[in-house]
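Hello! Here are a few notes on the cavities and the sheet, for you to read beside the model.

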Amino acid sequence: MVQFRRSLALLWLCTIQCTTAIDVDWTSPQSVKDAAATIAAGMMSYYVGNQYGQTPGILPGPYYWWEAGAMWGAMVNYWHYTGDSKWNDLTMQALQWQVGPHNDFMPPNASASLGNDDQEFWGMAALQAAEYKFPDPVYPQPSWLSLAQAVFNEQSGRWDTRTCNGGIRWQIYQITGWNLKNSISNGCFFNIASRLARYTNDDMYAQWAEKVWDWMWQIGLIDRNYNVYDNTEADRMNCTTMDHTQWSYNAGTMLMGASTMWNYTQSDLWKNRTTNLLSTIVFDYFPDGVMKDICEEHSACNVDQRSFKAYLSRWLAATTQMAPFTYSIIAPLLLSSAKAAAAQCTGAPTGNVCGLKWYNNGTWDGTAGVGQQMAALEVVLGTMVGKAVPAVTNTTGGTSPSNPHAGYNSSSIPLGETVSPPTKADKIGAWFLTAVFVVGALYMWWFMNTSSHEWQSRPTVGGKPGRRGRTISTIDARRSGSTVVARGVEASAANGGAKYGGAASKEYGAVLPVHELGSANGAADRGSKRRSNVLTKPDRSSTFSSTGVFPSDRNGHARSASYASEKAARNSLRGLPPIHERVKEERRRRRSNGLHGDDKERRSRGQSFGEEKEKAIRGSRFKEEEMPSRLD
């Protein structure tokens with residue numbers, strides 16, 4: 001039952017597609033125009049730039065900015081061949097919206113991936129509008145011709161002779177593809193130059209067209225059999241090797257330029273070049289008389305490549321008007337391809353969606369998109385070229401005002417538009433700066449994580465310079481019952497030794513440089529004249545002096561050093577111990593002096609433990625007494 005329902009659904013879908021497929025009477029111009037109108041409507045259904053919140057002129061993802069320019073060129077073509085002005089307002093708005101702040105088709109919204117070929121496709125759309133007398137923009141909007149001239153001026157300023165002895169790079173900025181010089185960028189520049197020469201009758205443009213052709217021929221982008229290859233690497237290989245991939249639109253743009261140069265010069269040289277290019281195109285892209293690009297065989301065409309046949313169709317049709325001796329070859333190929341394209345425009349959901357593989361005998365290949373619709377539209381329009389008005393010039397009815405200084409010429413290219421490739425000296429300098437930064441970073445890490453770099457002043461004894469490295473382990477204070485030792489040595493005195501656990505001194509093995517010597521602790525040593533032979537111990541009063549040195553202890557107790565570890569001994573060389581350790585020691589001293597007495601004694605004095613504690617904490621305020629510097 002399920003299988004039966006599926007069969008019915010498939011039959012119904014096929015019936016709908018058959019009844020809504022594009023049916024064309026190729027002998028009737030109106031029938032062809034109707035078919036073109038259907039395909040154009042399908043293509044414009046992808047455009048949302050005229051909707052609220054959208055940007056006029058551009059297509060939504062996954063389509064790039066350049067393909068939108070190509071699409072508007074197709075809509076200019078549509079108006080020219082059919083006379084239908086339904087889409088003219090949108091086309092006018094889109095082309096003018098994307099001109100950019102310098103009227104050169106370099107809008108900021110496209111700068112992230114802007115290539116020379118991208119700018120050229122918009123420039124060719126504007127040039128097409130001038131050649132076909134599309135309604136002129138209202139002043140102060142730039143004219144169609146001036147937009148094409150702006151693109152040419154900027155492209156000629158990017159002609160790069162530092163590598164490969166010429167040529168235009170694929171990209172404008174140093175992004176992916178900057179190192180390539182490719183056929184579509186140079187071919188479209190050649191295309192624009194030849195058409196500007198014809199339109200303006202200015203030989204300067206023709207000289208540039210010849211220059212581009214000669215360069216592409218010399219490096220091998222066009223070989224002796226007139227195959228047009230895709231690109232060559234400039235920075236490392238200096239254009240000595242070619243990427244031999246071939247695309248239909250590369251060959252098409254060269255054919256358009258060559259046929260226009262023949263129209264401008266009437267020379268046998270350009271006639272020969274046009275004929276040879278056409279022969280190669282027929283052989284490579286029209287197997288069995290139906291147009292086919294190289295990626296279709298294995299369904300490997302990406303979004304961009306699905307539109308390439310549109311441009312070959314467009315330029316083949318225009319070539320028949322520029323070089324009428326090609327009409328007998330091109331017209332039948334356009335007709336057979338158009339019939340195959342229209343026959344397979346049966347895709348869902350409307351029943352007239354066009355696919356890419358025209359050679360499938362009327363079967364839609366399941367693909368859909370702007371590129372597929374544009375390709376079908378251009379090939380169908382091309383069948384009407386025999387009855388269409390040829391492109392005009394400024395002497396045969398052209399109305400678009402000229403501005404030969406539009407955009408930026410080679411002497412005033414805006415910053416960032418061209419970027420000089422780094423020289424060998426630049427690269428060496430960059431490596432040197434990188435090495436300096438790395439060494440600096442390593443030094444800072446070592447500086448912040450080690451102490452061996454710290455500077456120590458020269459030691460003094462009694463205010464006089466002493467020798468580094470003199471150390472002592474114990475010092476006899478030469479006083480009865482009193483021994484003062486270095487840090488790491490526990491000292492005791494007869495009048496206070498019991499508080500520290502005994503009258504004898506205990507040495508822990510630490511040593512002290514001579515510059516740590518000072519006066520002995522306690523009143524017994526204050527009168528001694530041998531103050532340089534004993535260590536002055538920091539006093540631990542309840543208050544600190546502003547210099548961080550402890551005032552003297554009025555209780556007169558000889559006290560041991562507070563820092564018994566070797567780490568504290570090393571720290572003593574840098575100055576006083578950290579403040580939090582001093583505070584802890586002071587608190588321990590207070591508790592030892594005021595809170596650990598005999599309970600009976602406190603009771604006899606009539607004081608509670610809390611009162612005794614409060615009195616001890618508040619304590620008496622001792623007056624700071626000056627003491628010699630620890631380094632004197």
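1. A word on classes before the lining: Ala, Val, Leu, Ile, Met, Phe, Trp, Tyr, Cys and Pro count as nonpolar, Asp, Glu, Lys and Arg as charged, and the others, Gly among them, as polar. With those classes, the lining of the largest cavity has seven nonpolar, three polar and three charged residues.

2. This is a predicted model, in which local features need pLDDT of at least 70 and side-chain atom pairs pLDDT 80 or more, while totals for chains, interfaces and linings use all residues. Residues are numbered from 1 along each chain as its sequence is written, and side-chain values use heavy atoms, without hydrogens and water.

3. A cavity here is a set of points, on a 1 Å grid over the protein atoms alone, where a 1.4 Å probe fits but cannot get out; lining residues have an atom within 4 Å of a point. Points are joined across faces, edges and corners, and the volume is the space filled by probe spheres set on them. There are five cavities of 30 Å³ or more, and the largest has a volume of about 120 Å³.

4. Who lines the largest cavity? Its lining holds 13 residues, with Glu131, Tyr132, Arg195, Met256 and Ala318 nearest the centre. Helices (DSSP H or I runs of at least four residues; strands are E runs of at least two) are numbered from the N terminus. H3 (65–82), H5 (116–131) and H11 (308–322) each supply at least two lining residues, and H11 gives the most, five.

5. Now the sheet, where strands pair if DSSP finds at least two bridges between them. Three strands form an open, antiparallel sheet in the order S1-S2-S3. S1 (180–182) and S3 (242–243) are at the edges with a single partner strand each, so one side of each has no neighbour in the sheet. S2 (residues 231–233) pairs with S3 over two bridges, and Thr232 stands opposite Met242 in S3.

Methods
1 Å grid on protein atoms, 1.4 Å probe; cavity = no way out; pocket = protein on both sides within 12 Å on 5 of 7 lines; lining within 4 Å.
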